Amino acid sequence: MPSRSLLRSTGVFRYSPELGPGAGHTRRDGGSTWWWLIIDCDPELGRYLRHQFLLGHRRTRALQSPLWGPHISVIRGEVPPNVAAWRRLDGATVEFDYDPMVRETEGFVWCPVSCAQALSIREELGLPREPSPALHLTIGNANQAAGGAAI
């Protein structure tokens, strides 16, 4: 398989992100977003990548935007052993590289990501360096009906 070029973008670290303005931290499944860390990415990047997905499917499959918009989940509900470092970089800008070739897993559409700083934060918090699933840029959900919300 030929190697692909990665593209660079920036995002902003958001710790314990609310599900929407004033919506709080309780998810529909009863879980919480308190111990989540995301990289909030440019909404236009997500719009562009969703449009590419639509064109690649001959305009037959539109995507619902994620509730948080395009984002990278660095920590997904894992309580870190070193909570003293939690929120240390809240609001800081971070660079990441992504593969613009979108992938789909069970209706979730994403792009692979490389971000050494995000992995270092996981280590600083006492978590395994590599998350599972691996870092990826979530751009949309093909399973949700219009008006639904995915994170």
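Analyst: The protein exposes about 8,200 Å², of which carbon and sulfur atoms supply 51%; such accessible areas come from the Shrake-Rupley method with a 1.4 Å probe, and for residues only the protein chains shown count as cover. Of the 151 residues, 42% are buried, meaning under 20% relative accessible area. This is a predicted model, in which local features need pLDDT of at least 70, side-chain atom pairs count only at pLDDT 80 or more, and totals for chains, interfaces and linings use all residues. Residues are numbered from 1 along each chain as its sequence is written, and side-chain values use heavy atoms, with hydrogens and water left out.

The protein has two helices and seven strands, in the order β-β-α-β-β-β-β-α-β from the N terminus. These are DSSP runs numbered from the N terminus: helices are H or I with at least four residues, strands E with at least two.

Now the pairing, which requires that DSSP finds at least two bridges between two strands. Strand S4 (residues 93-98) pairs with strand S1 (residues 7-15) in the antiparallel sense over six bridges; within this pair, Thr10 has Glu95 as its bridge partner. S4 also pairs with strand S6 (residues 108-114), again antiparallel, over two bridges, and here Asp97 stands opposite Ser114.

Across the protein, 74% of the contacts with a separation of 6 or more join residues 24 or more positions apart, a contact being heavy atoms within 4.5 Å.

Mean pLDDT, the predictor's confidence in each residue from 0 to 100, is 86. Over residues 145-151 pLDDT stays under 50. Where pLDDT is low, the predicted coordinates should not be read in detail.

How values were computed
Buried means under 20% relative accessible area, exposed over 50%, partly exposed in between (1.4 Å probe, protein chains only).
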